[in-house]
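Q: I would like to learn how to read this model, one feature at a time. Where do we start?

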Amino acid sequence: MLKTVAEVMSSDPILVNPKTPLKEAIQILAEKRISGLPVINDAGKLVGIISETDLMWQETGVTPPAYIMILDSVIYLQNPATYDRDLHKALGQTVGEVMSKNPLTITPDKSVKEAAKMIQEHKVHRLPVLDNTGKVIGILTRGDIIRAMAAE
């Protein structure tokens with residue numbers, strides 16, 4: 001019998017708001033030994049996710065995009081919008097400035113196999129689990145899936 005997301009997800013995840021200070025989110029991640037937090041707005045709707053990957057920009061900084069000059073014109077060899085996004089992550093002071101927007105989500109009735117496929121295909125580490133009203137009711141991580149596999 002296939003297990004569902006609801007059976008293996010972590011229920012009642014810790015949630016943060018876009019206005020949450022970054023230092024507070026870092027403290028939560030460190031103290032709870034977790035690698036990501038769903039971000040909800042004041043209406044309780046999911047607006048992003050903040051993860052260790054997002055926070056690495058704080059420590060590593062960013063490298064300006066490569067460019068060449070031709071006839072006093074600058075031609076970027078990489079997308080300058082990517083640099084702008086990464087710079088915001090490196091300099092951000094709140095969760096909203098650093099989080100990844102529009103995270104991939106899943107519903108609790110989906111199979112763990114389907115969730116694993118989504119995680120693998122999209123190269124993410126976690127999926128917020130939303131109920132039919134769009135409220136975050138859990139989070140499914142790679143670790144949850146591995147523990148479910150070990151329990152079989």
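A: Start with helix 6. The exposed residues Lys113, Lys117, Gln120 and Glu121 sit on the face of helix 6 turned away from its buried side. Exposed means over 50% relative accessible area, buried under 20%, and partly exposed in between (1.4 Å probe, protein chains only). Helices (H or I, at least four residues) and strands (E, at least two) are DSSP runs, numbered from the N terminus.

Q: What should I know about the model and its numbering?

A: This is a predicted model: local features need pLDDT of at least 70, side-chain atom pairs count only at pLDDT 80 or more, and totals for chains, interfaces and linings use all residues. Residues are numbered from 1 along each chain as its sequence is written, and side-chain values use heavy atoms, with hydrogens and water left out.

Q: Which residues of helix 6 are buried?

A: First the general idea. An α-helix has 3.6 residues a turn, so residues three or four places apart point the same way. Here, Val112, Ala115, Met118 and Ile119 are buried in helix 6. They cover an arc of only 120° around the axis, so they lie on the same side of helix 6. The arc is that of the directions from the helix axis to the C-beta atoms.

Q: What do the buried residues of helix 6 pack against?

A: Their partners are helix 1, strand 7, strand 8 and helix 7. Contact means heavy atoms within 4.5 Å. Look also at what follows helix 6: Lys123 has a positive phi, near 55°.

Q: How many bridges join strand 7 and strand 8?

A: Five, in the antiparallel sense. Strand 1 and strand 8 (residues 136-141) pair over two bridges, also antiparallel. Now take Ile139 in strand 8. Ile139 is the bridge partner of Ser10, and Pro128 stands opposite Ile139.

Q: What takes a positive phi in the hairpin of strand 7 and strand 8?

A: Gly134 does, near 90°, and the hairpin has five residues between the strands. Thr133 lies in the loop between strand 7 and strand 8.

Q: Is Thr133 buried, exposed or partly exposed?

A: Thr133 is partly exposed, because its relative accessible area is 49%. The side chains of Thr133 and Asp131 make a polar contact (2.7 Å). A polar contact is a pair of N or O atoms within 3.5 Å; within protein, one must be able to donate a hydrogen and the other to accept it, and residues adjacent in sequence count only if both atoms are side-chain atoms. Compare sequence with space too: Thr133 and Lys45 are 88 residues apart in sequence and 9.0 Å apart in space, C-alpha to C-alpha.

Q: Which residues of helix 7 are buried?

A: Asp144, Ile145 and Ala148 are buried. Seen down the axis, the buried residues of helix 7 fall within an arc of 100°, so they line one face of the helix. They pack against helix 1 (5-8), strand 1, helix 6 (112-122) and strand 8. Ile146, Arg147, Met149 and Ala150 are exposed, on the face turned away from the buried side of helix 7.

Q: What does Asp144 touch?

A: Asp144 touches Val8, Met9, Ser10 and Ile139, not counting residues up to four places away in sequence. Asp144 counts as buried because its relative accessible area is 6%. Its side chain makes a polar contact with the side chain of Arg147 (2.9 Å).

Q: Where is Ile49 found?

A: In strand 3 (residues 46-51). Ile49 is buried, with a relative accessible area of 9%. Beyond residues up to four places away in sequence, Ile49 touches residues including Leu37, Met99, Pro128 and Ile139.

Q: How many helices and strands does the chain have?

A: Seven helices and eight strands. Buried residues make up 34% of the 152 residues in the chain.

Methods:
Two strands pair if DSSP finds at least two bridges between them.
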